[in-house]
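Please open the model in a viewer and keep the selection panel at hand.

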Amino acid sequence: MRLAAVRGRIQSACREAGRDPGEITLVAVTKRFPASDVRALHDLGVTDIGENTDQEAAAKAARCAGLDPPVTWHFVGRLQTNKCVSVVTYADVVHSVDRVRLARALGSRARRADRKVTCFVQVSLDEDPDRGGAPLAEVPAVAEAVAAEEGLVLGGVMAVAPLGVPAAEAFERLPRAAEAVRGVAPRALAISAGMSHDLEEAIAVGATHLRVGTALLGGRPAFVR
Ligand SMILES: *Cc1c(COP(=O)(O)O)cnc(C)c1O
């Protein structure tokens, strides 16, 4: 576990950007690592955990159900509408809402499960539909769709920096997307951006949620152990 190093990077980046580290939520992305690593992180005080597939997330959430304080589960991966019925049972925050149909499916499932799920609108920074995320022009419509659902809370915006472009450059579009979401719900202030290799650049553009895997846990095993 390399938590101290990651916390140190967050501290310095915040100092550099004139920001308070208290504004930053570190989401430890534990995909392909076992539930025992979630427990180890929890022992160290990391209670925000991210996963990118329903199958893994559901199993780990079940195995970590008794933890106190409870884990806040963040779903950060591509999400198909048929998985919503499962995801709403454990996810507290879904970072990857990128289309109106998905917002509606999540909303109806959350309402039926009597859950409130916070949703971030994922914006595409390179407009490549294959990589997930809504084009900037569609962000307001997706945000409206989330806000209209009784079972959902519009929390903010999320982005993954595209490959092959310097992160600082890719993140230049993020403030506009964040503004579009705030235009729908003024309190939707979260900005989920920044991974192991670009958390400094994300902090510089105002990220509130960092999704960090490799820098905390090392290289991911190919299969779940
Ligand atoms: C895996 C993953 C991360 C973490 O990436 P690292 O480079 O290991 O820090 C962050 N966000 C998403 C959407 C992911 O799938």
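Begin with Glu-127, which lies in the loop connecting strand S5 (117–122) to helix H6 (139–147). In this predicted model, the phi of Glu-127 is positive, about 55°, although the residue is not a glycine. Most residues other than glycine have a negative phi. Glu-127 is partly exposed, because its relative accessibility is 37% and that class covers values between 20% and 50%.

Next, select Arg-32, in the loop between strand S1 (25–29) and helix H2 (35–43). Arg-32 is likewise a residue other than glycine with a positive phi, in this case near 65°. With a relative accessible area of 30%, Arg-32 is partly exposed.

Most peptide bonds are trans. Pro-69 belongs to the loop between helix H3 (54–63) and strand S3 (72–75).

Finally, turn to the cysteines. How many disulfides does the structure hold? The number is zero. Select Cys-84 together with Cys-119: the sulfur of Cys-119 is the nearest cysteine sulfur to Cys-84, yet it is 9.0 Å away. Cys-84 is therefore in no disulfide, since a disulfide requires a pair of cysteine sulfur atoms within 2.5 Å.

Is Cys-84 buried or exposed? Cys-84 counts as buried, at 0% relative accessibility.

Technical notes:
Residues numbered from 1 in each chain as written. Predicted model: local features only at pLDDT ≥ 70, side-chain atom pairs only at ≥ 80, totals over all residues. Heavy atoms only, no water. Buried < 20%, exposed > 50% of the residue type's maximum accessible area, 1.4 Å probe, protein only. Helix = DSSP H or I, 4+ residues; strand = E, 2+ residues; numbered from the N terminus.
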